Amino acid sequence: MLIDSGRVVSDFDPHFKIFHELMPFKVQEILLVSSLYDAFIMEEDGSLATRLIHEYRGLNLSKAPRITRVSTPQEAIDIVSVKPFDMVITMPYLGSMNAFELGEEIKKTKPEIPIILVAHNIRATFPDKVDSHGVDSTFLWCCEADLLLAIIKNVEDHRNVDADIERAMVRVIIYVEDSPIYRSIFLPMIYNEVVRQTQSVLDESLNERHRLLRMRARPRILMATNYEEALQLYERYKPYVFGIISDARFRKDGELRGDAGSLFLRHVRSEIHDLPMLMVSSEQENREVAEQLPAVFINKNSPVIRDEIHDFFLNYLGFGDFVFRLPDETPIGHASNLQEFEEKLRVIPDESLKYHAQRNHFSNWVMARAEVALARRLHNDYISRIDNLDEMRDDLVFKVHSLRKLRQQGVVVKFSTNDYDPDIMDFVKIGGGSMGGKARGLAFMWACLQGASKEGSALSEYSVTIPKTCVITADGFDAFVAENNLYYNSSMQDEMVADLFLDAKLPSWLRKELSGFLKKTDAPLSVRSSSLLEDAQFKPYAGLYSTYFLANNNEDFHERLNQLEGAVKLVYASTWFASPRAFARSSHQGREDSMAVIIQQVVGSENDGFWYPAVSGVAQSHNYYPVMGMKADEGIAHIALGIGKTVVEGEKSLRLSPAHPKRLLQFSSVEDILENCQRQFYAIDMYSNGCLQRYGSNLVKREVQDAEHEMPVQMLASTYVPEEHRIRDSILPGVKILTFAQILKYKTYPLADIMTELLKLGRDGMGCEIEIEFAAALHPDIQKSTFYFLQIRPMVTGGEKADVQICDQEINDSFCFSRQALGHGTFDTIEDIVYVDLCSFDPSATRDIANEIGALNKKLVHEGRQFLLIGPGRWGSADPWLGIPVQWSDISGVGAIIELRNEALRVDPSQGSHFFQNITSLGIPYLTVTESRNPTEKNREDDFFDWQWLTDHPAKKELKYVRHTRLDKPIVIKCDGKRSESCLLPGGSEESSCTVEGLRVYNGRYS
């Protein structure tokens, strides 16, 4: 699978499966039998093979065939017997045999190989030879590579037509011509016109691979040389005949007759009165004959014959606009694309609707656009069963609209102000550059979802999609920086950078496109980053860039546009903020970052003036804390009411295993539920008039209790009954408690099943452990609920490193042991330890503690020294009462982290936050140590930390709350990711006495 022009290209793409099956036979190997002189004449204007390749490329066709040349008939017979060829092209005179004799010899052993005679003059085509046994077609070489291409395509069409009609009801054009001269002129002309016209009506949003695939649905051109062959083709393919192009004079009943063409066309007209027909003749008097049929007439000697053929294809074969007519042929409207076609179908008179439907006009016009599935559904074999015209109209409109929406599923469409239709286009992009890591991941999963539904799966039974999305590609950022002459200065603070970017102007082309997008978008919007380095495999930059929310409901459009432009500029500005740059340095990224921007409709609905989703969350495919019978590979999720800031910032949310949604560690008792349940949630205030706020992301924090009468709370909450000290899973008078019982315990909505299937889909697709963000809009009619996929990024489990096992002796020798450890491997380079002194720790001073750590980090980074960081509570917590609120720039030099849960701060581990994800992406060991109230001896059953060992080492630097200690020798950190265990051994300790799988372990290393 690969990303191509903004779309995932995949063999399982259901939209294009039928095109993969078309044209199974391709001419790949051609045998050319000619003398050296004939070959010289054919290649006097350049290599035949090279010119053929150029012709294929010029028409954007698939791979050109290979040509093998031999000089004598015997060489041809010999090589055909040992090597497979798809076609033989022979010159007329070959010494010991002529072309017909050679053809007969080859067909004795290979009767299926087409034999094509190509001559340099008309006499060499044996014009008087009636019996052409041994040669399938004859042409006159005019030094044109497009003739060879036409010959090849015609051979393929004759071979593939039956299977392609059965699979996709492809259309057929019958071409009748007995003259090798005119056949050699007209056949290339017809093919050029068919290919170019088909290409011209294909959807502009398709990438080149898919355009090539859909070209396979072009009309097949079947060639006849006499009346009987033409009639046989017509009778065989009558329901699928798209048009007929016929000479006037050719053989009928073995005799050359000037009226053979008119007789054939008159027979066809008697059965299909509106089939497009073209008579081509060098005899001008046949114009009147053609008009009486009626048929279009073109004189073979016309100086503008190419233009006349072009007009025929455009006006009669459905490649131009669809002209809606009344039964008397009066035109009443036209449509140039499917969108206009759908609009006209809704309003044309009944008699026009019936007129076109009965004559397959709808099906033929759509088929010209290679819309195979829709053409089949619009064929009168299907719609003629509908007697009621109102029902027929509804059916036609539904089918066209469904096709328009379906073909956009999984597609990233190039944004166009005129063509943008938010009803069917879910993912558009502005610009031609990179979409950045986050948007690439979203596009990848968007495409994967199209082939993910299986019978009985949650993905097939419930709506799973993405929000309406518009990506501004990275060339917008590059143009913005260049046009405003912006240069990064490391001395600038984040606020100065933001001011600088807000004062600058977006490129005029970008402002125009944003205006066009916003005019058709009236829902609340989120504006967030998609940097080129962000969320790339093993380098996620999660949470380092800014996200802004807009109510997008100001009555003044220009104010709404100004707010959107301001949000885009602020996201651009975050590229130069301190934390992302510090992370880039620590992850060894050597190039400057660029920025794409994702604009998305915010999932949810308006409730009492506030907009928010019923559920938002983060799910990971690997659970680092598998408890209560859970398994690590079953994954873990955190969900919350409202916008996802609650989860990603590590505030109170519900932690669950999607495989075991009823096993809720946080909700093991009534007391636990009351203490751990979510009390507040984030929403967009729709009454705020949509002002852009630089800080706070335009969100408000609401109390769950204040929203007790709103639909999402009604569907997710239980009620606490104080008199019973019970929590009832129903809405009763009293305090509302967010238990999510209806969807987790009673499974009214399969949230857990959808998460499980998506985690597997993402992990299989990316080839590593992954993390996804999502939101769900619940509906009282639960079948109308929708799960929205928001983001995917890789997470690192460390499985790529060498096997690590920790034995009992090492635990006894260590100064720290954790059973809740993230990371895998052996680390032995850290000599510095920065830790919060628990004796002076003050929960109200955590911001000051963060500043002290930041100062020490800056000095150690300058010295190039990694350090072990130790402290109570959640590192990087948004709530300063739950831990130390450091930013990444405060700890960018860290080599390992210990999060202590003790009497000072006993909070849940911070797994799930963006901060935590960045730690894991760098492969930094992260240990959660739950210190026992009554520590005893060191063992594998309990976490411990030996404070005596640490405080025995003198402080190199002692601040008010934080101490820095430098050791003589580096400590050894061992992390067993499979068991989530880790131990820290003092540097220079004696050789360990334990053995792991036959290997001696020395201070954490194998030998």
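What follows is a conversation about the chain as a whole, some of its helices and sheets, and a few of its loops.

Mentor: Please keep in mind that this is a predicted model, in which local features need pLDDT of at least 70 and side-chain atom pairs count only at pLDDT 80 or more, while totals for chains, interfaces and linings use all residues. Residues are numbered from 1 along each chain as its sequence is written, and side-chain values use heavy atoms, with hydrogens and water left out.

Trainee: How many helices and strands are there in the chain?

Mentor: Helices (H or I, at least four residues) and strands (E, at least two) are DSSP runs, numbered from the N terminus. Counted in this way, the chain has 34 helices and 52 strands.

Trainee: What percentage of the residues in the chain is buried?

Mentor: A residue is buried under 20% relative accessible area, exposed over 50% and partly exposed in between, with a 1.4 Å probe and protein chains only. Of the 1007 residues in the chain, the buried share is 58%.

Trainee: Which residues of helix α4 and helix α5 make the contact between them?

Mentor: Helix α4 covers residues 73-82 and helix α5 residues 99-109, and they pack with their axes 10 Å apart at an angle of about 20°. Axes are lines fitted to C-alpha atoms, for helices over the stretch in contact, and angles run from 0 to 180 degrees between N-to-C directions. Because angles under 35 degrees count as roughly parallel, over 145 as roughly antiparallel, 65 to 115 as roughly perpendicular and the rest as oblique, α4 is roughly parallel to α5. With contact meaning heavy atoms within 4.5 Å, the residues are P73, A76, I77 and V80 of α4 and L102, E105 and I106 of α5.

Trainee: Which strands stand at the edges of the open sheet of five strands?

Mentor: The order in this sheet is β9-β8-β10-β13-β14, and the pairing is parallel; two strands pair if DSSP finds at least two bridges between them. An edge strand has a single partner strand, so one side of it is left without a neighbour in the sheet, and this holds for β9 (220-224) and β14 (296-299).

Trainee: Which residue in β10 is the bridge partner of V172?

Mentor: Strand β8 (residues 172-176) and strand β10 (residues 241-247) pair in the parallel sense over five bridges. In β10, the partner of V172 is V241.

Trainee: At about what angle does helix α12 run to β14?

Mentor: Helix α12 (residues 305-316) lies across β8, β10, β13 and β14. Its direction relative to β14 is given by an angle of about 165°.

Trainee: Where is P294, and is the peptide bond from L293 to P294 cis or trans?

Mentor: P294 is found in the loop between α11 (286-292) and β14.

Trainee: Is N552 buried or exposed?

Mentor: N552 is found in the loop between β22 (547-550) and α24 (557-573), and it has a positive phi of about 55° although it is not a glycine. Its relative accessible area is 4%, so N552 is buried.

Trainee: Which residues of strand β7 point the other way from S137 and F139?

Mentor: In a regular strand the side chains alternate between the two faces of the sheet. In strand β7 (residues 137-140), S137 and F139 point one way, and the residues pointing the other way are T138 and L140.

Trainee: Which residue in β47 does K957 stand opposite?

Mentor: Strand β46 (residues 957-958) is joined to β47 by two bridges, and they run antiparallel. β46 and β47 form a hairpin with three residues between them. In β47, the residue opposite K957 is H964.
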